[in-house]
Amino acid sequence: MNNGCNRRQIFSRLHLVLSATIICILLATGFVASAATTPEIQHRSYITVAVKDNVPLLGFKDTSGKLQGLEIDLAQRLATDLLGKADAVRLQVVNNRDRLSVVLNHKVDMAIARVTATGSRSRLVDFSVPYYMDGTYIVTKDAAVQQINDLAKRKVAVLYNSSTIAEVRYYIPNAELVGVNSYQEAQTALENNTVTAFAADGSVLSGWVQQNPQYRLLPTKLSTAPLSVVMPKGLQYDETRREVNEAIARYIAQGWLNERIKYWGLVNSQ
């Protein structure tokens, strides 16, 4: 009997040590899950939201370092509806490659970080109804270019390996496509007149137009891409997902989202 008790005590102590070790490792590496159910969110009185800080108009830092943009507005409005106050939100800046993983690994409650809802992504996470319909537009500073047809036999920059390549080839089959590695490289090519235009996401290009009055967006939208709030899968998160979807539907119906889209100068999302 004593041996059995001793063994149970030893196993119990080992379990405690192992549990404490795992917790310490998680704390040290920053992998503690913070996604919460609705009752847990209400109990702690804040939501955690992953956002971007380098996408003008959607999520960016102003001159004082404060986060601004449509997606920041949306995070604060959701905090108001879910918890009664706009500052009941903790914003966590993420880069592009981590936008899904922080939700998938339950490090945040949700992500509002210029994420396009796609079928492949929906196998990993859940998406809200879209809050903005992004899509591919073309920007140019050449006054002679007024329509996409004017770009026939002209050089148009596109990001390497992007879906934009197929879209431009479909709409402007005679354009000469020039691959670039980044938005910055494309802007440099435009400034140096090595390309006539650049095709990319309208949400980003709208910011370019605001910052560079000589730039113009051509009127034709080449594709549509729904931007949605990213949330974790699981029955325990159903209530939060329902509340977020109902809130965004209200923002659309009441015109609040459209007003904020116009305020930030984003290209019309219709």
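The side chain of Arg114 reaches the side chain of Asp201 in a polar contact of 2.5 Å; a polar contact here is a pair of N or O atoms within 3.5 Å, where within protein one must be able to donate a hydrogen and the other to accept it, and residues adjacent in sequence count only if both atoms are side-chain atoms. Before going on, some ground rules: this is a predicted model, where local features need pLDDT of at least 70 and side-chain atom pairs count only at pLDDT 80 or more, while totals for chains, interfaces and linings use all residues. Residues are numbered from 1 along each chain as its sequence is written, and side-chain values use heavy atoms, with hydrogens and water left out.

Back to Arg114. Arg114 sits in the loop between strand 6 (110–111) and strand 7 (126–127), with helices (H or I, at least four residues) and strands (E, at least two) taken as DSSP runs numbered from the N terminus. Arg114 is buried, at a relative accessible area of 13%; buried means under 20% relative accessible area, exposed over 50% and partly exposed in between, with a 1.4 Å probe and protein chains only. Leaving aside neighbours within four places in sequence, Arg114 is in contact with residues including Glu71, Arg99, Tyr131, Asp134, Tyr183 and Asp201, where contact means heavy atoms within 4.5 Å.

Now zoom out to the whole chain. Its secondary structure comes to nine helices and 15 strands, and 43% of its 270 residues count as buried. Take the contacts between residues at least 6 apart in sequence: 70% of them join residues at least 24 apart. The accessible surface comes to about 14200 Å², with 52% belonging to carbon and sulfur atoms; the areas come from the Shrake-Rupley method with a 1.4 Å probe, and for residues only the protein chains shown count as cover.

What about the inside? The largest nonpolar core has 51 residues, and those with the most contacts inside it are Leu74, Tyr131, Phe198, Trp208 and Val229. A second, separate core has 13 residues, among them Val156, Val168, Ala197 and Ala199. In soluble globular proteins, nonpolar side chains tend to be buried together.

Phe198 is worth a click. Beyond its neighbours within four places in sequence, Phe198 is in contact with residues including Tyr137, Val158, Val180, Leu190 and Trp208. Thr164, found in helix 5 (residues 164–171), is also in contact with Val158, and with Thr136, Ala199 and Ala200, again leaving aside neighbours within four places. Thr164 is buried, with a relative accessible area of 7%.

Just after helix 3, Gly84 takes a positive phi of about 90°.

Next, the charged pairs. The structure holds eleven salt bridges, each a side-chain nitrogen of Lys or Arg within 4 Å of a carboxyl oxygen of Asp or Glu. Arg44 and Asp109 form one of them (2.1 Å, N to O). This pair links distant parts of the chain, 65 residues apart: Arg44 is in helix 2 (residues 38–44), and Asp109 is in the loop between helix 4 (101–104) and strand 6. Arg44 is partly exposed at 21%, whereas Asp109 is buried at 4%. Another bridge joins Arg242 and Glu246, with the closest N and O atoms 3.5 Å apart. These two are four residues apart in helix 8 (residues 238–253), so about one helical turn separates them.

Finally, check two backbone spots. Leu57 has a phi near 85°, a positive value in a residue other than glycine; Leu57 is in the loop between strand 2 (54–55) and strand 3 (59–61) and is buried at 4% relative accessibility. Asn193 also has a positive phi, near 60°. Asn193 is found in the loop between helix 6 (183–191) and strand 12 (197–201), and counts as exposed at 56% relative accessibility.

Key: Core = buried A, V, L, I, M, F, W, Y, C linked by side-chain atoms within 4.5 Å.
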